[in-house]
Amino acid sequence: MSTHSPLWHPQTHMPTAGRDRLVIASGDGAWVTTEDGQRLLDLPAGLWHANIGHGRTRIADVAAAQIRTLETYHLFGAHANRPALDLAERLAGLLPIEDPRIFLTSGGSDSIDTACKLARRYWQVAGRPGKKVILSRDGAYHGLHGFGTSIAGLDFNRDGYGTESLVPETARVPRSDLAETAAVIERIGADAIAAIVAEPVIGTGGVYAPPDGYLAGLRELARQNDILFIADEVITGFGRTGEWFACQRWDIEPDMIVMAKGITSGYLPLGAVGIAPHVAEPFFTGAEAPIFRHGLTYSGHATACAVALENLNILDEEDLVARAAKLEPVLAQALAPLVDSPSVQEVRTAGLMAGVQLKPEVDAGKVVLGARENGVLTRLLAGNTLHICPPFVITAEEIEYAAGVLAGQLQAPATVSA
Ligand code: PMP
């Protein structure tokens with residue numbers, strides 16, 4: 001395999017990536033195949049995106065038909081395209097927000113920037129321009145655009161870009177300590193805070209489910225302080241926790257909900273923000289209504305929206321959200337024994353996602369390579385944690401197979417570096 005390529009990999013130590021590059025050539029269901037023919041069980045579902053699994057020809061057909069008809073037409077001004085209108089309608093019926101408005105983007109980071117800008121603009125229009133601070137949680141990942149970088153809860157994603165000046169007026173709260181979060185709000189002053197952004201289940205930070213009562217408590221704290229609650233469901237949306245949205249599982253209604261990944265299961269890039277009517281209303285009512293000066297060429301890309309609609313059809317027809325719910329205990333039970341391995345610190349599961357946290361002294365890179373040699377693809381999240389978040393079409397047997405391979409790797413003394 002060629003080691004020399006001009007390709008610069010995102011988020012990657014290039015000298016190592018150049019040596020170990022793994023070229024994925026095709027996919028079917030929960031499996032992918034490398035360029036040199038090795039089949040691998042795709043435990044991370046790519047980057048948490050492949051909810052319906054790889055290789056769906058129905059989606060390819062829809063995309064081809066749409067491109068033949070009209071690749072896309074933008075949504076600026078009074079222009080629209082039919083798939084974007086249909087998708088907005090479909091999402092409005094699914095979201096845990098009553099009668100939402102839908103703003104379409106090209107991905108998760110776009111949607112985070114959209115939601116944060118809208119939060120600030122909303123308070124300005126509402127006559128409270130001082131409310132600008134965006135809060136986020138320790139360990140959070142909200143993409144890597146401007147806002148996402150500034151509100152990153154993982155320091156390594158924030159440092160080096162002018163932490164305080166990239167997007168000024170951001171602040172962090174603890175991962176799940178409500179009393180300390182209330183104290184931070186008190187210290188900054190609710191009059192200066194626009195919004196809090198939260199992943200219902202922290203993903204890239206290592207897979208942390210919300211402790212009992214935490215999300216409802218945070219939502220309430222936001223409400224009491226006139227702080228908009230933005231749920232980042234880029235990972236958890238579209239079935240990952242066994243409900244269409246994690247906000248439904250934990251019974252909260254956000255002011256905005258941020259989506260990407262599972263909206264198309266990755267077949268094309270697309271993101272969206274669902275916006276509660278009380279936030280959207282000032283922009284929709286009256287001749288004097290202000291314009292939300294924000295948008296992307298590919299906001300509502302017609303082919304991406306057509307693909308999203310077909311992805312939703314497949315989730316519906318194959319009852320895949322219920323399948324994810326059924327597989328949750330299978331995954332949890334299969335992984336639970338790993339905690340007895342001397343290499344493992346903790347096993348955390350939430351819905352059909354899990355993090356197997358290895359002890360700091362364990363060479364996790366070797367575990368990943370060893371698993372790969374045995375047909376199981378995984379990668380590392382923050383904190384030496386193995387990333388597990390399979391496509392919903394994975395079977396119980398495949399989950400057990402993967403757990404067995406990981407158990408074998410974690411027993412091997414070679415995984416502990418000197
Ligand atoms: N929010 C969360 C919770 C994410 O996990 C991600 C991507 N992993 C993003 C936002 C950013 O999405 P994208 O990479 O599509 O910009």
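User: Which residues are closest to the ligand, and how many surround it?
Analyst: In this predicted model, 15 residues surround the ligand, and the closest are Gly 107, Gly 108, Ser 109, Gly 143 and Val 234.

User: Which helix gives the most to that shell?
Analyst: Helix H5, residues 108–125, gives the most to the shell around the ligand, with three residues.

User: What is the make-up of the shell by class?
Analyst: The shell around the ligand has seven polar, six nonpolar and two charged residues.

User: Changing topic: how is the chain divided into domains?
Analyst: There are two domains in the assignment: domain 1 takes in 14–55 + 319–415, and domain 2 takes in 60–317. Their C-alpha centres lie 27 Å apart.

User: How many residues does each domain give to the contact?
Analyst: Domain 1 gives 24 residues to the contact, and domain 2 gives 24 residues.

User: Which elements give two or more residues on the domain 1 side?
Analyst: On the side of domain 1 that touches domain 2, these elements are helix H2 (45–48), helix H12 (320–335) and strand S12 (354–358). The largest share of that side comes from H12, with five residues.

User: And the classes of the residues on that side?
Analyst: The side of domain 1 that touches domain 2 divides into 14 nonpolar, eight polar and two charged residues.

User: Where is Asp 319 found?
Analyst: Asp 319 is in the loop between helix H11 (302–317) and H12. Its phi is near 55°, a positive value in a residue other than glycine.

User: Is Asp 319 buried or exposed?
Analyst: Asp 319 counts as exposed, because it has 12 C-beta neighbours inside 10 Å; the cut-off for exposed is 12 or fewer.

User: On to the core. Which residues touch the most other members of the largest nonpolar core?
Analyst: They are Ala 119 and Ile 230, in a core of 127 residues. H11 gives the most to this core, with eight residues. The core draws at least three residues from each of domain 1 and domain 2.

User: What does Ile 230 touch, leaving out residues up to four places away in sequence?
Analyst: Ile 230 touches Ala 115, Ala 119, Ala 195, Ile 196, Val 197, Pro 254, Asp 255, Met 256 and Val 258.

User: Why does Val 201 count as buried?
Analyst: Val 201 counts as buried because it has 25 C-beta neighbours inside 10 Å, and the cut-off is 20 or more. Val 207 is also buried, with 28 other C-beta atoms within 10 Å.

User: What does Val 201 touch?
Analyst: Not counting residues up to four places away in sequence, the residues that Val 201 touches include Val 207, Tyr 208, Ala 209, Thr 236, Ala 350, Gly 351 and Met 353. Val 201 and Gly 351 are 150 residues apart along the chain, and their C-alpha atoms are separated by 9.2 Å.

User: What is the phi of Val 207?
Analyst: Phi of Val 207 is near 65°, a positive value in a residue other than glycine.

User: Now H8 itself. Which of its residues are buried?
Analyst: In H8, Leu 215, Leu 218, Arg 219 and Ala 222 are buried. Viewed down the axis of H8, these residues fall within an arc of 100°, so they line one face of the helix.

User: What covers the buried residues of H8?
Analyst: The cover includes helix H7 (178–188), S7 and strand S8 (228–232). Just after H8, Asp 226 takes a positive phi of about 55°.

User: And which residues of helix H13 are buried?
Analyst: In H13, residues 364–373, the buried ones are Ala 364, Val 367, Val 368 and Ala 371. They lie on the same side of H13, because they cover an arc of only 100° around the axis.

User: What covers the buried residues of H13?
Analyst: Their cover includes S12, strand S13 (376–377), strand S14 (380–381), strand S15 (385–388) and helix H14 (396–411).

Note on methods: Residues are numbered from 1 along each chain as its sequence is written. This is a predicted model: local features need pLDDT of at least 70, side-chain atom pairs count only at pLDDT 80 or more; totals for chains, interfaces and linings use all residues. Domain bounds come from an automatic or database domain assignment. Two residues are in contact if their C-beta atoms, placed from the backbone, lie within 7 Å. Helices (H or I, at least four residues) and strands (E, at least two) are DSSP runs, numbered from the N terminus. Ala, Val, Leu, Ile, Met, Phe, Trp, Tyr, Cys and Pro count as nonpolar, Asp, Glu, Lys and Arg as charged, and the others, Gly among them, as polar. A nonpolar core is a set of buried Ala, Val, Leu, Ile, Met, Phe, Trp, Tyr and Cys residues joined through C-beta atoms within 7 Å. The arc is that of the directions from the helix axis to the C-beta atoms. A residue is near a molecule or strand if its C-beta atom, placed from the backbone, lies within 6 Å of it.
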